[in-house]
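Dear colleague,

My notes on it follow directly after.

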Amino acid sequence: MRLKGKVALITGAAGGMGAETARLFAREGAEAVVICDLLDAEGAQVAAEISRAGARGSYHRLDVTDEPGWAGLVDRVMADHGRLDVLVNNAGISGSAFPDLYARDAWDKLIGINATGVFLGCKYGVAAMRKSGGGSIVNLSSISGIVGQGYLHPGYNASKGAVRLLTKSLAAQHAKESIRVNSVHPGLMPPMRTSGTTADPAHRAKTLEGIPMGRPGRADEVASAILFLASDEASYITGAELAVDGGWTAV
Ligand SMILES: NC(=O)c1ccc[n+]([C@@H]2O[C@H](COP(=O)([O-])OP(=O)(O)OC[C@H]3O[C@@H](n4cnc5c(N)ncnc54)[C@H](O)[C@@H]3O)[C@@H](O)[C@H]2O)c1
């Protein structure tokens with residue numbers, strides 16, 4: 001029970017790695033797992049699963065780019081649960097569905113959701129964690145926040161790089177308040193909902209050639225890394241970047 005009694009909020013948790021993390025948090029004894037996304041039916045279903053697993057699961061619609069939305073949601077979490085211990089900024093969109101490298105609208109969207117969304121989550125999450133006496137924030141970056149790829153819109157790399165350094169900046173800012181901030185960097189995982197070219201099996205097979213372990217990762221392998229950083233086992237870890245990439249960035 002590595003999260004016993006903790007209250008956690010996870011963005012983009014209606015499916016994919018966010019939902020997997022929410023389920024794991026419930027199994028690890030979290031008192032409450034608050035899920036948000038834009039996909040209401042799927043989000044409500046994940047919340048119901050969490051409640052059946054013994055935690056208090058709830059779903060709230062939140063566009064992570066909506067600042068008043070963040071303020072309202074975090075107020076609601078504090079009213080319902082009295083504290084916030086863990087925030088996982090997981091919501092994001094892929095950079096592989098924008099063929100025009102210099103499309104300005106794609107840049108704005110990628111930076112808006114993947115980077116500004118995380119910034120806003122940290123802003124309101126930190127305020128709630130201060131009132132809670134501390135907490136742990138885990139931000140989903142990517143190997144694309146460490147190295148570049150020639151097949152993605154550069155806004156994806158830029159957004160994930162921003163998450164990586166935002167994480168280190170906030171780790172330094174808030175360490176004395178017992179608020180830890182770390183980033184997780186998945187490699188080749190099951191495709192995102194918004195994946196374009198990178199969902200193509202031929203593209204994935206080619207990518208695998210550059211990954212030492214020679215296989216894609218699983219959502220549960222990312223969820224386990226998030227769990228570790230969220231839990232008190234990581235009590236002396238802040239500002240760290242944890243690659244979950246089968247060795248992709250090691251070579
Ligand atoms: N799948 C991969 O290969 C991979 C690799 C590296 C990093 N990542 C990162 O991991 C995170 C999770 O990815 P995933 O594979 O589970 O993808 P996914 O597409 O399955 O999940 C992302 C979720 O975010 C939600 N979302 C998108 N825009 C939103 C917004 N504006 N407000 C609120 N919710 C929004 C989506 O509805 C979706 O449920 C993302 O940040 C992604 O960039 C994924």
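What percentage of the 251 residues of the chain count as buried? In this predicted model, the share of buried residues is 53%.

Overall fold. The chain contains 7 helices and 7 strands. Read from the N terminus, these elements follow the order β-α-β-α-β-α-β-α-β-α-β-α-α-β. The radius of gyration is 17 Å, close to the 18 Å that the globule rule gives for 251 residues, so the chain is as compact as a globular protein of that length. The C-alpha trace extends over about 45 × 40 × 35 Å along its principal axes.

Contacts. Counting contacts between residues at least 6 apart in sequence, 74% of them join residues at least 24 apart.

Surface and charge. The chain carries 25 positive and 25 negative side chains. The centres of these two sets are 4 Å apart.

One residue in particular. Ala-172 belongs to helix 5, which covers residues 154-174. Is Ala-172 buried or exposed? Its relative accessible area is 63%, and Ala-172 is therefore exposed, since the cut-off for that class is over 50%. Between the C-alpha atoms of Ala-172 and Thr-116 there is a separation of 19 Å; along the chain, these two residues are 56 residues apart.

With kind regards

Notes:
Residues numbered from 1 in each chain as written. Predicted model: local features only at pLDDT ≥ 70, side-chain atom pairs only at ≥ 80, totals over all residues. Heavy atoms only, no water. Helix = DSSP H or I, 4+ residues; strand = E, 2+ residues; numbered from the N terminus. Rg over C-alpha atoms; globule rule 2.2 N^0.38 Å. Buried < 20%, exposed > 50% of the residue type's maximum accessible area, 1.4 Å probe, protein only. Contact = heavy atoms within 4.5 Å. Lys, Arg positive; Asp, Glu negative; His and termini not counted. Charge placed at Lys NZ, Arg CZ, Asp CG, Glu CD.
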